Amino acid sequence: MKKIAVFPGSFSPFTKGHESIINSALPLFDQIIIAIGKNSTKKPIFSIEKRKNWIKDIYSNNHKIFILDYSGLTVDLCKKMEAKFILRGLRNVDDFKFENDIAKTNMKLNNDIETVFFIPPAEFSHISSTLVRDIMLNNGDTSNFISFKF
Ligand code: ADP
């Protein structure tokens with residue numbers, strides 16, 4: 001059976017930190033679906049199409065990576081895509097507190113799906129989409145934080 005994982009997130013934008021999670025996960029899975037979550041209550045700064053195209057720029061030659069957007073529960077997306085794994089990143093204890101709750105909630109919603117956590121290398125662990133977004137919007141140098149052309 002194919003090992004399929006979903007990496008869900010806002011990815012606003014997709015940073016070198018996110019990329020490091022994918023790099024760690026690639027040898028472990030046959031297929032990784034990068035799933036951009038739609039938040040129905042918030043108007044995003046970067047459109048879904050923009051975010052999707054930026055990620056496509058990075059992975060256009062990688063046959064293991066698929067990119068899509070979704071609304072609804074991540075566990076429902078996993079079931080639809082026949083994915084048994086959810087990938088998430090842990091930068092620090094704050095992430096741990098947040099991710100711990102999400103993982104346990106998802107476990108209650110669907111016990112067949114396992115959340116797998118990755119710790120990024122130190123050089124990426126300070127990167128957050130919020131800060132990178134600010135640099136992008138203010139025309140700063142983004143080269144240390146994102147890989148796509150902006
Ligand atoms: P969400 O809104 O679902 O938290 P994000 O796009 O902010 O979406 O993050 C998606 C996942 O990537 C989360 O598990 C987050 O902890 C992780 N992540 C974000 N930035 C980094 C980073 N620099 N290094 C490793 N993991 C990260």
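A pocket is here an open set of grid points, taken over the protein atoms alone, with protein on both sides within 12 Å along at least five of seven lines. In this predicted model, the space taken by the ligand is the largest pocket, and about 1300 Å³ of space lies within that pocket.

The lining of the largest pocket comprises 45 residues, of which Gly9, Ser10, Phe11, Arg88 and Phe98 lie nearest its centre. Two or more lining residues come from each of β1, α1, α2 (48-59), β4, α4, β5 (114-118) and α5 (129-137), and the greatest contribution is that of α4, which supplies eight residues. By residue class, the lining of the largest pocket divides into 19 nonpolar, 16 polar and 10 charged residues.

The ligand itself is surrounded by 16 residues, the closest being Ser10, Gly89, Glu99, Phe124 and Ile127. Seven residues of this shell are nonpolar, five are polar and four are charged. Oxygen atoms of the ligand lie 2.8 Å from a backbone N or O atom of Gly89, 2.9 Å from a side-chain N or O atom of Glu99 and 3.2 Å from a polar side-chain atom of His18. Taken alone, the ligand exposes 560 Å², of which the protein buries 86%. The elements that give two or more residues to the shell around the ligand are β1 (4-9), α1 (16-25), β4 (85-89) and α4 (93-109).

Terms used. Residues numbered from 1 in each chain as written. Predicted model: local features only at pLDDT ≥ 70, side-chain atom pairs only at ≥ 80, totals over all residues. Heavy atoms only, no water. Near = heavy atom within 4 Å. Polar contact = N/O pair within 3.5 Å; in protein donor to acceptor, adjacent residues only side chain to side chain. Areas by Shrake-Rupley, 256 points an atom, 1.4 Å probe, with all protein chains shown as cover. 1 Å grid on protein atoms, 1.4 Å probe; cavity = no way out; pocket = protein on both sides within 12 Å on 5 of 7 lines; lining within 4 Å. Sits in = over half its atoms within 2 Å of the grid points. Helix = DSSP H or I, 4+ residues; strand = E, 2+ residues; numbered from the N terminus. Nonpolar A, V, L, I, M, F, W, Y, C, P; charged D, E, K, R; others polar. Points joined across faces, edges and corners; volume = space filled by probe spheres on them.
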